[in-house]
Amino acid sequence: MTIRNLFKKPAFFLAILGFVLLASPVFASELGESIFKLPEWDDLLRVLSLRDYNTRVVVIGTTLLGVASGFVGTFLLLRKRALLSDAISHATLPGICLAFLLLILMGGNGKNFVVLLLGAAVTGTLGMLAVLGISNYTRLKNDTALAVILSVFFAIGIALVGIVSRLPQGNAAGLETYIYGKTASMLMGDAILITVTTAMVSLICLVLFKEFALLCFDQNFASATGWPVPFLDLLMMVLIVVVTVIGLQAVGLILVVALLIIPPAAARFWSDDLRVVFAASGTIGGLSGLLGCTVSALMENLPAGAVIVLAATFFFVLSLCFGLERGLLVRLKKRQELERRVGRQNLLRAIYELKEKMSDKTSPVPVSQVVAKRSWKEKAVMRLYRQAARIHLITKTPDNSFVLTEEGEKRAARIVRNHRLWEMYLITHADIAPNHVDRDADMIEHILDEELISELERLVQLKDDKQNGSPPPSPHEDLSFNERAALS
Amino acid sequence: MMWTSYDTWIVVVGALSAMACALLGSFLVLRRMSMMGDAISHTVLPGIAVAYILTQSRESWPMFIGACIVGVLTVFLVESVHKLSDLDEGASMGVIFTSLFAVGLILIRQAADYVDLDPGCVLYGAVEYAPIDTVEMFGRDDIPRAAAVSGAFFLINLTFISVFFKELKLLSFDQNFAVSLGLNTKFLHYSMMTLMAATVVSAFETVGSILVIAMLIVPGACASLLTRRLKPLLILSVIFAIFSAVGGHFLAIYIPVKFDIPDTSSASMMGAMAGLLFLVVALFAPGEGVLSRMAHKTFLSLGILRDDILGFLYRCKELDPEGKLSPSTGQLKSALNENSFSLWIAIQGLKMKGAIATAGEGLTLTEAGAHRAQNLVRSHRLWETYLVEKMGLAPDHVHNTAEQLEHITTRDMRDQLAQITANQSEDPHHSAIPPEEGNG
């Protein structure tokens, strides 16, 4: 289905609207009464000014995490591996549990989060490699490989959680936080870890920006020019694993995926330039972290991880609608402009061609004739007329006839000339019957540029006065042209 | 630990829901939409939460309907975002399902005050508790409700697939063709997705929202490595589903005991068991598994090495007709540029076949080996002649091609080559083309 058809369906706009509704926490507040207590002004000030030690740690940590995941997520998205992050994040669970078990076996209490995260990184990397291995070495496609690894690793993880929780000295409560995140109870140690790691990840992304970009856009070219593609690829994926593992702490293993996918997906609507997308993605990620944390700190009983994700979704919907490069509104506007221009040009040509056939070339053209010419509806013609009249191309006489202004005359002549040039070209060079060319030319006349026009003039050997003369006669009505074409 | 009727019911519940999932999941695998299963299984959470909040109760039906609606909405939203933006399907899925999951988490947290709803239960499921909740059916009163529900879904899915078998087959293998035939693919797609959402909801009460993906996708993935035909694929996927349920529960209650831990959750072990089955299939599936392909390749290259040894010995004999010099293993090694291990295996193989024999320090061809070698060399030189005479290649460019072709040239081909090249007695390098010997 083309975009054109989509835009005509109000259902899709309703869908977007529904999505916005569903995605906003406001929805929740409508369902249960007085779920949200609006914050007091003092609370607002306290949170926004980062006066609280705890708020400060959490806000800084999640913002940085958002920035870093926005950065690496851009590459992930461009490599069309967005869902790999989903598989990686689920694959970290067995690692956490194994590290926990190891710590207990060595006599600890299993609460050393650096070791747990190392375990997560190990199985996360393993899962990532397994996905790539399955899609490279078996018949199965990427999506199946993702689903298999994701579910199996997670199953093993849950089985291990079960074992841990049944251990006499085990206390699995700590492990659950990795599934849902524990943003609100983030400690200084976590924040330092996040700061250091995200700084490193961002730095690597910036230093290797050119190489990663090349890998995303043309892997074969990269390997042909001698870049160590497998190494770069692995490095990129390891960065993803690192961000995922760090994110586990903050937002939990299911929602960290959102931070890797949504910001770059939103950023994609703003530009086609990778540098801009990269920066925008980092910004959106950071803003989501900031906004989400602030909101969840202000309101009671809102899980911070989920609010951060919804903040990202909010930016996504915003970008989807208003993005400057690929946003719906911009594309809709561009489409509308094109449609208007095409309609106006069709009107001008219709009037011009009707005028040509009249004995008195300066007499006005009755609206009824114009309406009949292209099987238009009168309403559509009048709408086009009003648009054209606004820029002084056409005027209307009291007896309901069109008159072209001087500018309108000039433009109409040019369009008619383009139309006939293409018709001539089709007849002489594409061997199409003269009575079949009108429709083809009708579509292309609006988009012919100067260069193409001069090329066409050369090909059909048309030498007339471009500026002031009238266009050549229509080739499918001009018998002499057909004869010449037949002879050549 | 003893196996009781309780365990049997757990396995039956697990197996039935796995079978119901596997049937539809196989189509997801074929349609390259596996991750849609993942997306749906995450997004049923908000559906359940909304139903809980609206009805303020733990009735199954509202929850079920809410989850189905959100499941289908997920499919619709993913497709809308995919079409409206230029994002690839994976990314649109990632955006939608994480957002909806976040909504679900918030709603559950909000609902926690007045509804007892544990996200952990939604996430991991508890097949162990299934046999407690029983219904009376078929004159028995100990049939778990979950077994009845899963069994019903298995039958519904089976009916759906049997009725629309032809259409689903077309949809899975060539969607454009299906559309051009006038099939209502949209209807089929959405009815399948609705059914899937319903099945996922029914299953995840017992196995949890993420493990249900293992039941959906893994059996289909295993089966699709073993066959390319749809019917056997579906049957195999159901068999894999049963195996993972039975094996999973078995592992869950027997393995932890070895480490002095009572047991672990059966649902997750069923997922792990499915993964184990997948690993075995991915490694050993005939013609498709990683190891079986590797073995096949090794056998092939060993066969070629054996041929090369015979050819080398034959050429040595040509240069030295009395057979005074029999080349040693070391000489073979440097001449054929092979590692000693595979060379040793190849030589043992040839000795077992009686094609070569040890002669003093070196090796020599037996009569049977000489026949095979002569035909090989004949093939090689015939090909060289053919390539130069008929294909117009330069004489110094044909050796490598002939080296490859000699291994797969049959007697008939040799006869024909000889005929085409007018039974010449010498190849382009002026070596004699030996006559055909024995029966190949």
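Which residue in S3(A) is the bridge partner of A:Val365? Keep that in mind as you start the tour of this predicted model.

**Stop one: a sheet in chain A**

Now find A:Val365: its bridge partner in S3(A) is A:Phe402. Together the three strands form an open, antiparallel sheet in the order S1-S3-S2.

**Stop two: a serine in a loop**

Stay in chain A and select A:Ser271, found in the loop between helix H14 (256–267) and helix H15 (274–298). Is this residue buried or exposed? A:Ser271 is buried, because its relative accessible area of 9% falls under 20%. A polar atom of the A:Ser271 side chain lies 2.8 Å from the backbone nitrogen of A:Asp273. Beyond its neighbours within four places in sequence, A:Ser271 is in contact with A:Val276, A:Val277 and A:Glu325.

**Stop three: a cavity lined by chain B**

Searching the whole structure turns up one cavity of 30 Å³ or more. The largest cavity holds about 40 Å³ of space. To find it, select its lining: B:Ala18, B:Ala214, B:Met215, B:Pro219, B:Ala241, B:Ser244, B:Met270, B:Gly271 and B:Ala274. Then show helices H10 (211–226), H11 (230–258) and H12 (266–284) of chain B, each of which supplies at least two lining residues. Colour the lining by residue type and you will see seven nonpolar residues, two polar and no charged.

Methods:
Residues are numbered from 1 along each chain as its sequence is written. Chains are lettered from A and ligands numbered from 1 in the order in which they are written. This is a predicted model: local features need pLDDT of at least 70, side-chain atom pairs count only at pLDDT 80 or more; totals for chains, interfaces and linings use all residues. Side-chain values use heavy atoms; hydrogens and water are left out. Helices (H or I, at least four residues) and strands (E, at least two) are DSSP runs, numbered from the N terminus. Buried means under 20% relative accessible area, exposed over 50%, partly exposed in between (1.4 Å probe, protein chains only). A polar contact is a pair of N or O atoms within 3.5 Å; within protein, one must be able to donate a hydrogen and the other to accept it, and residues adjacent in sequence count only if both atoms are side-chain atoms. Contact means heavy atoms within 4.5 Å. On a 1 Å grid over the protein atoms alone, a cavity is a set of points where a 1.4 Å probe fits but cannot get out, and a pocket is an open set with protein on both sides within 12 Å along at least five of seven lines; lining residues have an atom within 4 Å of a point. Grid points are joined across faces, edges and corners, and a volume is the space filled by probe spheres set on the points. Ala, Val, Leu, Ile, Met, Phe, Trp, Tyr, Cys and Pro count as nonpolar, Asp, Glu, Lys and Arg as charged, and the others, Gly among them, as polar. Two strands pair if DSSP finds at least two bridges between them.
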